Amino acid sequence: MSTTSVTTGPPAPNSAHGRSDGLAPKRIRLGSGGIMLPNHVPLVVAEQIGMLNALAPGRIDLRLGRAPGTDGATAADLRRHHTANNEFPEQVAELLGFLENDFPHDHPYRNVPAVPGPWQAEQNRVPRSETSADTWILGSSIYSAQLAARLGRPYAFALQFGSADVLNAMRIYRENFQPSQPLNEPYSLVSIGAVANEDRVEARRQSTSTAMAMLRMFQRKSFALLPPEEVEAFQATVHERAVIEEYTDRVLHGTAAEVAEGLEELHEQTGVDEVMLVVQGYSRRAQARTVELIADHYGMPTN
């Protein structure tokens, strides 16, 4: 499963074009599509992101979520305890403290620096980096919308994972947004699955592969993409068939014009600044064709 963004508003905060020597991408953004922070140590994340920002200043995204993102056994091996989700806001605050080196004077981590980062620049008596990672809050619920608003951070809603109330979440985010140093006004994104093909029937067939993978995940099996032919031949129970159909229908599938119509309707309803396509389908060719067709539909350059 791969992703691509269709930007419908102004550039994301701190966006930059990067190198211009022709030897490296000039505009592509790097970083994490999603770090489930309760699975990680904030200091380690801060140092990894600090290194990325030193290598590609102004082009790093740090997107944080609180979902387990895995099964119970793996979560246990990561030393994730049962209250980890509840500590997510404190973990985000801790991570931001390391990234910006601005813990309060009485904070226990006041003298624990993240390297590379602002502390190292001060020690070496060199200018502090003028850029930092764009820190987003990820989610698919009201909880994440409230947190992103309180922190004054960009907000990304993962619509491909569920049928939660994205409209209400966006409303709450905007109504409760508190301006912060990196962001003066709300900035939001919604991601959704998409498969485009000249043949709308084939587009739907390709969508069933990811739907089947979701069913397998619910059954504690591997998240494996099976060929559409295997999905069609699968002897599903009534409940299993309902799950496959539900997740197939959550994907925008059809011709480029039909997928684009769905994207534009989603943009109009949510008012987001960016729409991210979670490009789906069984084969790499099917996934690439989705990107090509949508790019052609919107007249996007190919290089």
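This is a predicted model: local features need pLDDT of at least 70, side-chain atom pairs count only at pLDDT 80 or more; totals for chains, interfaces and linings use all residues.
## Helix 9 and its two sides

A residue counts as buried when its relative accessible area is under 20%, and as exposed when that area is over 50%. On the face turned away from the buried side of helix 9 sit the exposed residues V238 and H239.

The buried residues of helix 9 are E240, V243, I244, Y247 and T248. Viewed down the axis of helix 9, these buried residues fall within an arc of 130 degrees, so they line one face of the helix. Their cover includes helix 7 (200–218), helix 8 (228–233) and strand 7 (252–254). As for its length, helix 9 runs over residues 238–249, which makes 12 residues. From first C-alpha to last, helix 9 reaches 16 Å, close to the 16 Å expected at 1.5 Å a residue.

## The chain as a whole

Stepping back, the secondary structure of the protein chain comes to 11 helices and eight strands. The chain has 303 residues, and 43% of them count as buried.

## An enclosed space

A probe the size of a water molecule, rolled over the atoms, shows where empty space is left. In this model the count comes to one cavity of 30 Å³ or more. The largest cavity has a volume of about 100 Å³. It is lined by 12 residues, and the closest to its centre are Q160, T210, M214, Y247 and Q280.

Which helix gives the largest share of the lining of the largest cavity? That is helix 7, with four residues. By type, the lining of this cavity divides into six nonpolar residues, five polar and one charged.

## The second largest pocket

Now for an open space. The second largest pocket holds about 750 Å³. Its lining is made up of 35 residues, and N53, L99, S129, T131 and S132 lie nearest its centre.

Several elements contribute to this lining. Helix 1 (42–55), helix 3 (88–100), helix 4 (118–123) and strand 4 (134–139) each supply at least two residues. Helix 1 provides the largest share, with five residues. The lining of the second largest pocket divides into 18 nonpolar, 12 polar and five charged residues.

Methods
Residues are numbered from 1 along each chain as its sequence is written. Side-chain values use heavy atoms; hydrogens and water are left out. The expected span of a helix is 1.5 Å times one less than its number of residues. Buried means under 20% relative accessible area, exposed over 50%, partly exposed in between (1.4 Å probe, protein chains only). The arc is that of the directions from the helix axis to the C-beta atoms. Contact means heavy atoms within 4.5 Å. On a 1 Å grid over the protein atoms alone, a cavity is a set of points where a 1.4 Å probe fits but cannot get out, and a pocket is an open set with protein on both sides within 12 Å along at least five of seven lines; lining residues have an atom within 4 Å of a point. Grid points are joined across faces, edges and corners, and a volume is the space filled by probe spheres set on the points. Ala, Val, Leu, Ile, Met, Phe, Trp, Tyr, Cys and Pro count as nonpolar, Asp, Glu, Lys and Arg as charged, and the others, Gly among them, as polar.
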